[in-house]
Amino acid sequence: MIRLITTEDIQRVNELYFALFKLTAETEPYYHKPTYQNEDFLKSVIDQQNGFVGYVYEKDDLVVGFVIAQLQASPPYECFKQLNSVYLMDIVVDEHYRGHGIGAKLIDRIKDWGVQNKVDYLELSVLAKNDKAYQLYLREGFVPYNFSMRSKLK
């Protein structure tokens with residue numbers, strides 16, 4: 001079952017966040033560290049402040065995945081068409097429940113939310129080394145649009 005995130009979900013969502021942040025720290029140790037998400041941020045998502053929304057996927061009374069997204073608008077540059085979007089901030093599925101379509105269902109829920117909010121497109125970022133997530137996003141209809149690149153200076 002997919003439902004809006006509540007304050008009762010914060011502990012479990014933060015456990016899933018820690019797993020995500022641990023993985024990103026292992027993948028990109030120069031830029032990331034294993035930690036928990038800021039609870040004030042999670043509360044702002046629950047309150048749907050600043051255009052945020054969060055959903056959890058619950059199976060047998062256990063939150064096994066979640067997604068957090070935010071409504072955004074194009075930057076005010078002349079070269080951009082003024083469009084509204086949903087930025088998919090984070091999506092996490094417990095490693096024991098991956099491969100069962102839960103991530104796809106959470107993405108579909110965000111797509112539906114975007115349609116309800118009359119946005120023009122859905123956007124996300126994925127670490128270049130996170131091939132499993134990249135493949136999921138391709139299957140869900142995302143296409144590469146922009147590449148971010150970095151160069152360490154020390």
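Predicted model: local features only at pLDDT ≥ 70, side-chain atom pairs only at ≥ 80, totals over all residues.

Biologist: What does the secondary structure come to?

Modeller: The protein has 4 helices and 5 strands. Along the sequence the pattern reads β-α-α-β-β-β-α-β-α.

Biologist: How many of the residues count as buried?

Modeller: Of the 154 residues, 38% count as buried. As for contacts between residues at least 6 apart in sequence, 59% of them join residues at least 24 apart.

Biologist: Switching to helix 1 and helix 2. At what angle do they cross?

Modeller: The axes of helix 1 (residues 10-27) and helix 2 (residues 39-46) cross at roughly 120° and come within 11 Å. The two helices are therefore oblique to each other. The crossing of helix 1 past helix 2 is right-handed.

Biologist: Which residues meet there?

Modeller: From helix 1, Ile 10, Val 13, Asn 14 and Tyr 17. Helix 2 brings Glu 39, Phe 41, Leu 42, Lys 43 and Ile 46. By type, the residues of this contact are 6 nonpolar, 1 polar and 2 charged.

Biologist: Next, Gln 70. Buried or exposed?

Modeller: Gln 70 is buried, because its relative accessible area is 14% and the cut-off for buried is under 20%. Gln 70 sits in strand 3 (residues 62-73).

Biologist: What is Gln 70 in contact with, leaving aside neighbours within four places in sequence?

Modeller: Asn 50, Gly 51, Phe 52, Ser 85, Val 86, Tyr 87 and Met 89. Asp 60, by comparison, is 10 residues from Gln 70 in sequence, and their C-alpha atoms are 28 Å apart.

Biologist: Asn 50 is on that contact list. Where is Asn 50 found?

Modeller: In the loop between helix 2 and strand 2 (52-59). At 61% relative accessibility, Asn 50 counts as exposed. Asn 50 also has a positive phi of about 55°, although it is not a glycine.

Biologist: Where is Lys 118 found?

Modeller: Lys 118 lies in the loop between helix 3 (102-116) and strand 5 (121-124). With a relative accessibility of 68%, Lys 118 counts as exposed.

Terms used: Residues numbered from 1 in each chain as written. Heavy atoms only, no water. Axes fitted to C-alpha atoms, helices over the stretch in contact; angles between N-to-C directions. Parallel < 35°, antiparallel > 145°, perpendicular 65-115°, else oblique. Left-handed = near helix turned anticlockwise from the far one by under 90°. Contact = heavy atoms within 4.5 Å. Nonpolar A, V, L, I, M, F, W, Y, C, P; charged D, E, K, R; others polar. Buried < 20%, exposed > 50% of the residue type's maximum accessible area, 1.4 Å probe, protein only.
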